[in-house]
Amino acid sequence: MSCHSRAWRVLMLLAAMVPAACDLAPRYAPPVAPVPASFKERDGWALAVPGDDVPKGPWWRIFHDPVLDALEDRVTIANQDLRVAVAQYDEARADARTAQAGYYPTLDFTGSASRSGLSRETANVFNKSTFNSYSLGLDLQYEVDVWGRVRNTAKAGRARAQASAGDLATVDLSLHAELATDYFTLRGYDAMQAVLDQTVGNYRHALALTQAQFDVGYAAQPDVSAATAQLDGLLTQAADNRLRRAMLEHAIAILTGQPPATFAVAARSLDSAPPPIAPGLPVALLQRRPDIAAAERRVAAANADIGVARAAYFPAFNINAMMGVQAAMPNHLLVAPAQAWSFGPEALLNVFDGGRRAALNAHARAVYDEEVARYRQTVLDACRDVEDSLVSLRRLAEESATQQQAVIAAQDATHRAGELNTGGLASYYNVILARNIELSDRLSEVDIRVRRMTASVALIKALGGGWGG
């Protein structure tokens, strides 16, 4: 049997031994998360089961708003923060492939050309000789993964790529939820503007009527001044509402990847109602929330890193092989009589490093403990997010019912105060007070509607977004 054949057989034998080699990483199991059996604020909510009330795929379509759907689609296509997250995910996948490359040997092609000279003195005569040398060769190196360093490096790379996928899903969910929140807030400003504009018209009419009454001596100058102040204050409030709407429209433009100067959302009052959303059980968050999934994958990566750090205490085994040819002329390389080859194992064991390996092991274990704590905190935050959204929706529904009654009562009070003032039975200031109360109640009613819609978005986000299907 030739030396080349024996070397190849030894290499294959060592490669076959790798799967049965040691793995110095601790046996991995996902950390135990502090998940309750049910949500505290689940009263009145059904468990999540497949049905029409479950958002599927693009979850924002559950609101049945074509304008919102179009804006959300643009976020998917054009948002730059989302593109950054996609690029970071691609980086993580490339890093994982880099780590997996350690499973295979490296093979390098080498080539060289050199010219050398030799001078010597013979009988007081200097002789000079010149030599040309050309060589070609192949150099193979392979690490025998006895202690699992390569495997655990690859495991950590895969886990981090999976964590990056979770990060990408989290960014995607957050951006779409932010747009939906901004959109419903914008519609709330539109509804408030409608209320303010209508009230401005009423106040203008009231001021003209009061001025006419003053001109004929039926009203006093303070009544005119009060009506003027009331109108001017309302005009200021209306202008500020337009300002806030414009700023929010600019924010939506950026979310959809467009310059604010070329973007506009036509005004339309908020007329949506929160859709029914079944919250399910808390344990479902562990499978549905992308941030929880990403945190768990980072724990797995940190666990594999412990195995990499522990492997540094043991000798590293490498297989090195070289084969090449050398000739004095380049056209003689392939038929050169000068051939060289080498093959053999190599072992390297560090006997002193000043505590570096111990520090790296301590660091790896500390990172693992840190990632476990982050994972558990992420689970706790997720449970809080759902509880906050559930209680918000429940309490805001109660507020909406009582606020609607308040608006009806305030409108009646304004009507009666006006009649009494016209009949001379009440001061004009009672009319102003009644109008202010009515305006405040109407604006509060719109604000509650907006908060109910944004709480619905928050609940969907807290539950992990849309269900597949």
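Reply: In this predicted model, helices α7 and α8 pack against each other with their axes 9 Å apart and at an angle of about 170°.

Me: What is the handedness of the crossing of α7 and α8, and which classes of residue make up their contact?

Reply: The crossing of these two helices, α7 and α8, is left-handed. On the α7 side the contact includes Ile292, Val299 and Ile306, and on the α8 side it includes Leu360, Val372 and Val379. Sorted by class, the contact of α7 with α8 holds seven charged, three polar and 14 nonpolar residues.

Me: How is α4 oriented relative to α7, roughly parallel or roughly antiparallel?

Reply: Two packed helices are described by the distance between their axes and by the angle between them. For helix α4, residues 149–215, and helix α7, residues 290–311, the axes lie 8 Å apart and the angle is about 165°. Since angles over 145 degrees count as roughly antiparallel, the relation of α4 to α7 is roughly antiparallel.

Me: What is the handedness of the crossing of α4 and α7, and how do the residues of their contact divide by class?

Reply: The helices α4 and α7 cross in a left-handed manner. The residues of the contact of α4 with α7 fall into eight charged, six polar and twelve nonpolar.

Me: Is Glu249 buried or exposed?

Reply: Glu249 lies in helix α5, and, leaving aside neighbours within four places in sequence, Glu249 is in contact with Leu186, Phe263, Ala264 and Val265. The cut-off for buried is under 20% relative accessible area, so Glu249, at 12% relative accessibility, counts as buried.

Me: Is His64 buried or exposed, and what is its phi?

Reply: His64 is placed in the loop between α1 (3–17) and α2 (66–78). Exposed means over 50% relative accessible area, so His64, at 69% relative accessibility, counts as exposed. Although His64 is not a glycine, its phi is positive, at about 55°.

Me: What distance separates the C-alpha atoms of Ala70 and Thr256?

Reply: Ala70 is found in helix α2, and its relative accessible area of 44% makes Ala70 partly exposed. Along the chain Ala70 and Thr256 are 186 residues apart, and the separation of their C-alpha atoms is 9.8 Å.

Me: How many helices and strands are there in the chain?

Reply: Running from the N terminus, the elements follow the order α-α-α-β-β-α-α-α-α-β-β-α-α. The chain has 469 residues, of which 37% count as buried. The elements of the chain are nine helices and four strands.

Note on methods:
Residues are numbered from 1 along each chain as its sequence is written. This is a predicted model: local features need pLDDT of at least 70, side-chain atom pairs count only at pLDDT 80 or more; totals for chains, interfaces and linings use all residues. Side-chain values use heavy atoms; hydrogens and water are left out. Buried means under 20% relative accessible area, exposed over 50%, partly exposed in between (1.4 Å probe, protein chains only). Axes are lines fitted to C-alpha atoms, for helices over the stretch in contact, and angles run from 0 to 180 degrees between N-to-C directions. Angles under 35 degrees count as roughly parallel, over 145 as roughly antiparallel, 65 to 115 as roughly perpendicular and the rest as oblique. A crossing is left-handed if the near helix is turned anticlockwise from the far one by less than a right angle, and right-handed if clockwise. Ala, Val, Leu, Ile, Met, Phe, Trp, Tyr, Cys and Pro count as nonpolar, Asp, Glu, Lys and Arg as charged, and the others, Gly among them, as polar. Contact means heavy atoms within 4.5 Å.
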